[in-house]
Amino acid sequence: MSDTQNAPGIAPRWTSSAKSGVGTSLSDASRVWFTLSHGILDEVYFPRVDTACTRDLGLLVSDGRDFFSEEKRDAMSEVSTLADGVPAYRLVNSCKQGRYRIEKQIVADPLRDAVLQWTRFTPLAGALDDYHLYALLAPHLGNFGAGNTAWVGDYKGTPMLFATRDDDYALALACSAPWLKRSAGFAGVSDGWQDVHAHKQMQWAYPRAENGNVALTGEIDLRACGGEFVLALAFGQSAAEAGHRALASLVDGFSAARDAYVAEWQQWQSAIVPPTPALPGERDLYRTSAAVLRTHEAANFPGGMIASLSIPWGFAQGDDDLGGYHLVWPRDLVETAGGLLAAGARDDARRVAQFLHITQEADGHWSQNMWLDGTPYWGGVQMDETALPILLLDLLRRESTLEDGELAEYWPMVRRAASYLVANGPVTQEDRWEEDPGYSPFTLAAEIAGLLAAADFADANGEGRAAQFLRETADVWNASIERWIYASDTDLARAAGVDGYYVRIAPPDVADAASPSMGFVPIKNRPPGESDEAAASLVSPDALALVRFGLRAPGDPRIVNTVRVLDYLLKVETPNGPSWHRYNDDGYGEHADGSPFDGTGVGRAWPLLTAERAHYELSAGRRDSALALLHAVEAFAGDGGMIPEQIWDSPDIPEKELTFGHPSGSAMPLVWAHAEYIKLRRSLRDGRIFDTPPAAAQRYARDHTGSPHALWSFNLKARRMAQGKTLRIVATEPARVRWSTDNWQTTHDADTQDSTLGAHYLDLPTEQLPAGATVTFTFYWPGANDWEGENYSVSVE
């Protein structure tokens, strides 16, 4: 009878984010993506790379009397690929008690929506007849562990295990060997693990489990297959579709699917030439990283690539964490495209540009993150995510990947993005770590370099007025960086032995004050009462972006000072090499006892920051230091070559699988980290930073171009300006500005000019005003036939 009394099962959870492999077919006919961890299949995604449909599929072993073993917990696993740079995997799981060995090969079927697992079970103690072997599958269809229905059935007479959810998703599990027993139960209560663990064999045979957190179990006839068999896990919109694909995969055979899968990946990798060959004994993640990038692209949304086929601390996350990291972040997407371009995968990078073109919002910005169809997930606005797509197009142009005609087609996209930056920058609602508003060095660097790149596009499209305005805006923002985010003569500066440094972020409401230390930053992911810190007490490797994007020279004393402070506060020496925290007092990471991040925690070191630091070292002429940091990134990767988001940077906690200098429970792989690794390999080969915009580097780091302007806008209500500057007032609508320098005893009226970018500006002749003078002004809006009703003032210093 159906299992009803145990519904709906325990609260659903995802699984480990410590992936040892990720894979997909490059064929348009296959729409599945799979992940591996602890020797078994974990999440499988269908029909989009942002939609997980399983939790995991593993094997249980018993002797029917007193022995029980679960391979993912009770076996030691080794992982390797079937060919270099091909995400087709060989797993060898050896029982810790020496009782058995399980060998697997896993690929996606290039002809259909199915994952195939060839398996050989070998007894190491006793004979094959002494063992029972069970497949245990946890459906989590459509990104949900709840609301699934599972049952025992068949497709055209072939016995299978099925599950569906909401009439939109279905899966079928078929085996080339006969099933001896099958059951559909509720997870944690009546599933096969509970049954076999308690009874050392299957005693339950529930035909159906309705609307809950379900699990499917089937005993494989080892005697009939001699211990060698194939599991086909297939998907469809209906159970019949899934069953059809499962049976078709078995009929075609594993060898045919494996050979076609390997061949398509080898063809793709043939265009990927590593910049420098690895030395004997060195770990080379280049082809693995290239495959990781390509694996994360959606087949049905070309150019759409998610941040990671994992859910950080997934074993502690349920259905309320719907997005995980299988969403598109425009920032990560641009970083990924840069990695593909550095590797020579030009067509793949072009698809990313097209995806960005399609998913740009009407006002010119991109969503903080989104589903593959462009639907926003979180609602924040991060200004770097509007600037970076412009810089990607500039990089594609410089790498001769886009033709002149194509560049013209992208000009409307660039124009909208640049207009949004001008209207809303340089303050960002959130920094690149998605936490705080204000003036962030990474965001500022991306915005300013993006404006310069947009100016080049404007010139190429015959819009000289727009180009001039964009360059002048970039110049005034660049000239203001130190006033906004450079702190001097602080306790931290004295402790680190420097005169000043760039802060992590300066809050927008006080960032035009004499010092950023006057403001406070609310730190996310910290317990109540521990969230506010003085801006001047926080630093971040984000400051290195000022060099990476060409705004400051690597030897600039302010950069050198900041590097000293970063190393003083954020650097962690591990057995595998150094790494850095995102910022001091970060709370995004495991707790001190190793328990998973749950909204608060302790921030850990990030391998991608090690790679970013290597880029800085290379730009400063220290190639050997950069190379050593490259090897550290390689050492931080997991056994399968996956680079994690974070590494554990505290003493080992073996029971929680946390080892000093090795992956933590955060996302793994992080695609952005793999992209940064590839770009670092390219930069080391070229002897220069691959993605530094040359226009910005020439204008600011070498020519030290300044600005004659001080800037006031409704987004940047400056209260002070330096003596000798021309005050530029910017509005988003045409306006008449009434202004005075003697407290309205005399007044002047002037109309704004149209920048052609949605901004209207007026330059006031303030360069001759003495220190202590005050400029006061207000606005008349012709379109509304109304006055602003408020006066604004800027004092001259």
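Trainee: How much space lies in the largest pocket?

Mentor: Happy to start there, and please keep in mind that this is a predicted model. The volume computed for the largest pocket is about 1200 Å³.

Trainee: Which residues of the lining lie nearest the centre of that largest pocket?

Mentor: The lining is made up of 41 residues. By class, 12 of them are nonpolar, 16 polar and 13 charged. Those nearest the centre of the pocket are Ser16, Ala18, Ser37, His38 and Glu657.

Trainee: And which element gives the most to the lining of the largest pocket?

Mentor: Let's look at the elements that each supply at least two residues: β3 (40–45), α1 (71–74) and β6 (75–83). With five residues in the lining, the one that gives the most is β6.

Trainee: Now the cavities: what is the volume of the largest cavity?

Mentor: Three cavities of 30 Å³ or more are found in the structure. Among the residues that line the largest cavity are Phe469, Trp477, Leu711 and Arg728. Its volume comes to about 70 Å³.

Trainee: Which element provides the largest share of the lining of the largest cavity?

Mentor: Two or more lining residues come from each of α12 (464–485), β24 (709–713) and β26 (726–731). By class, the lining has seven nonpolar, three polar and one charged residues. The largest share, three residues, belongs to α12.

Trainee: Let's turn to helix α8. How far apart are its end C-alpha atoms?

Mentor: Helix α8 covers residues 346–359, which makes 14 residues. At 1.5 Å a residue, the helix should span 20 Å. The model agrees with that, because the end C-alpha atoms of α8 are 20 Å apart.

Trainee: What arc do the buried residues of α8 cover around the axis?

Mentor: The buried residues of α8 are Asp348, Ala349, Val352, Ala353, Phe355, Leu356 and Thr359. They sit on the same side of α8, because the arc they cover around the axis is only 160°.

Trainee: Which exposed residues does the opposite face of α8 carry?

Mentor: Start with what covers the buried residues of α8: α5 (254–269), α6 (286–295), α7 (330–343), α9 and α10 are included. On the face turned away from the buried side, the exposed residues are Asp347 and Ile358.

Trainee: Is Thr401 buried or exposed?

Mentor: Thr401 is found in the loop between α9 (384–398) and α10 (404–424). Leaving out residues up to four places away in sequence, Thr401 touches Leu341, Arg346, Arg350, Leu396 and Glu406. Its relative accessibility is 4%, and the cut-off is under 20%, so Thr401 counts as buried.

Trainee: What separates the C-alpha atoms of Glu435 and Lys524?

Mentor: Glu435 is in the loop between α10 and α11 (441–460), and at 6% relative accessibility Glu435 counts as buried. Leaving out residues up to four places away in sequence, Glu435 touches Glu430, Arg504, Lys524, Asn525, Arg582, Tyr583 and Asp586. Glu435 and Lys524 are 89 residues apart along the chain. Their C-alpha atoms are separated by 6.1 Å.

Trainee: What is phi of His704?

Mentor: Most residues other than glycine have a negative phi. His704 is in the loop between α19 (694–702) and β24, and at 60% relative accessibility His704 counts as exposed. Its phi is positive, near 55°.

Trainee: Lastly, is Thr756 buried or partly exposed?

Mentor: Thr756 is in the loop between β29 (753–754) and β30 (760–764). Phi of Thr756 is also a positive value, near 75°. Since its relative accessibility is 29%, Thr756 counts as partly exposed.

Definitions and conventions. Residues are numbered from 1 along each chain as its sequence is written. This is a predicted model: local features need pLDDT of at least 70, side-chain atom pairs count only at pLDDT 80 or more; totals for chains, interfaces and linings use all residues. Side-chain values use heavy atoms; hydrogens and water are left out. On a 1 Å grid over the protein atoms alone, a cavity is a set of points where a 1.4 Å probe fits but cannot get out, and a pocket is an open set with protein on both sides within 12 Å along at least five of seven lines; lining residues have an atom within 4 Å of a point. Grid points are joined across faces, edges and corners, and a volume is the space filled by probe spheres set on the points. Helices (H or I, at least four residues) and strands (E, at least two) are DSSP runs, numbered from the N terminus. Ala, Val, Leu, Ile, Met, Phe, Trp, Tyr, Cys and Pro count as nonpolar, Asp, Glu, Lys and Arg as charged, and the others, Gly among them, as polar. Buried means under 20% relative accessible area, exposed over 50%, partly exposed in between (1.4 Å probe, protein chains only). Contact means heavy atoms within 4.5 Å. The expected span of a helix is 1.5 Å times one less than its number of residues. The arc is that of the directions from the helix axis to the C-beta atoms.
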